[in-house]
Amino acid sequence: MAFVPYHNITGSTGVTTELIQVGSKSGAIKSILITNIHATNSATVTLFLQSNPTGAAPKTFNLLFTTPIPVNMSLLLEERDGIAFNNNVFGMFVTVGGADTVDILISK
């Protein structure tokens, strides 16, 4: 359950990647940098918090929902944009489009 700040995500339709596990004691998140590293395509990113991800009736709260990130561009989310959350209850997840490739850096 260790906090991992760096993620390389290669898209696959309908596949969700866990960025921060519930109970990993991630602490306050200062920023999240999402960079589209695909050479020719925009990336479509959904970033969300979810409680009880493997159990019945998880609660999901979207931070980004099918947000496009152009080729060779980055999107920076900072704490004032609402990324503080209770990590004892919620985990953070990302879903990207099928051909998308993004790097995600989470700063504490």
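This text walks through the fold, from the overall shape to a few single residues. The model is predicted.

Start with the whole chain. The protein has zero helices and eight strands. Along the sequence, the pattern reads β-β-β-β-β-β-β-β. The C-alpha trace spans about 40 × 30 × 25 Å along its principal axes. A compact globule with 108 residues would have a radius of gyration near 13 Å, and the protein has 13 Å, so the two agree.

Next, look at how the chain meets itself. Take the contacts between residues at least 6 apart in sequence: 77% of them join residues at least 24 apart. Of the 108 residues, 36% count as buried. The protein exposes about 5900 Å². Carbon and sulfur atoms supply 55% of that area.

Now to the sheets. Strands of a sheet pair through backbone hydrogen bonds, either parallel or antiparallel. Which strands stand at its edges?

Strand β1 covers residues 6–10 and pairs with β8 over five bridges, in the antiparallel sense. His7 has Ile104 of β8 as its bridge partner. On to β3 and β8: six bridges join them, and they run antiparallel. Leu33 has its bridge partner in β8 too, namely Leu105.

Strand β8 also shows two faces. Val102, Ile104 and Ile106 make up its covered face. Thr101, Asp103, Leu105 and Ser107 make up the uncovered one.

Another open sheet has four strands in the order β2-β7-β4-β5, again with antiparallel pairing. Here β2 and β5 stand at the edges. Each of them has a single partner strand, so one side of each lacks a neighbour in the sheet. Neighbouring strands of this sheet are turned by 20° against each other on average, direction ignored. Strands β2 and β7 run antiparallel and are joined by four bridges. Thr16, for instance, has Thr95 of β7 as its bridge partner.

What lies inside? In soluble globular proteins, nonpolar side chains tend to be buried together. The largest nonpolar core of this model has 22 residues. Those with the most contacts inside it are Leu19, Ile32, Ile34, Val45, Leu47 and Ile104. Six strands each supply at least two residues of this core: β2 (16–20), β3 (31–36), β4 (43–51), β5 (60–69), β7 (90–96) and β8 (101–107).

Pick out Leu19 and list its neighbours. Which residues does Leu19 touch, leaving aside those up to four places away in sequence? They are Val4, His7, Ile9, Leu47, Met92, Phe93, Val94, Ile104 and Ile106.

One of those neighbours is Phe93. Phe93 is found in strand β7. Is Phe93 buried or exposed? Its relative accessibility is 7%, so Phe93 counts as buried; the cut-off for buried is under 20%. Phe93 and Leu47 are 46 residues apart in sequence. In space, their C-alpha atoms are 5.9 Å apart.

Finally, turn to two backbone angles. Most residues other than glycine have a negative phi. Thr66 is not a glycine, yet its phi is positive, about 45°. Thr66 lies in strand β5. With 44% relative accessibility, Thr66 counts as partly exposed. Asn72 has a positive phi as well, near 60°. Where does Asn72 lie? Asn72 sits in the loop between β5 and β6 (74–78). At 60% relative accessibility, Asn72 counts as exposed, since exposed means over 50%.

How values were computed: Residues numbered from 1 in each chain as written. Predicted model: local features only at pLDDT ≥ 70, side-chain atom pairs only at ≥ 80, totals over all residues. Heavy atoms only, no water. Core = buried A, V, L, I, M, F, W, Y, C linked by side-chain atoms within 4.5 Å. Buried < 20%, exposed > 50% of the residue type's maximum accessible area, 1.4 Å probe, protein only. Contact = heavy atoms within 4.5 Å. Pairing = 2+ DSSP bridges. Axes fitted to C-alpha atoms, helices over the stretch in contact; angles between N-to-C directions. Rg over C-alpha atoms; globule rule 2.2 N^0.38 Å. Areas by Shrake-Rupley, 256 points an atom, 1.4 Å probe, with all protein chains shown as cover.
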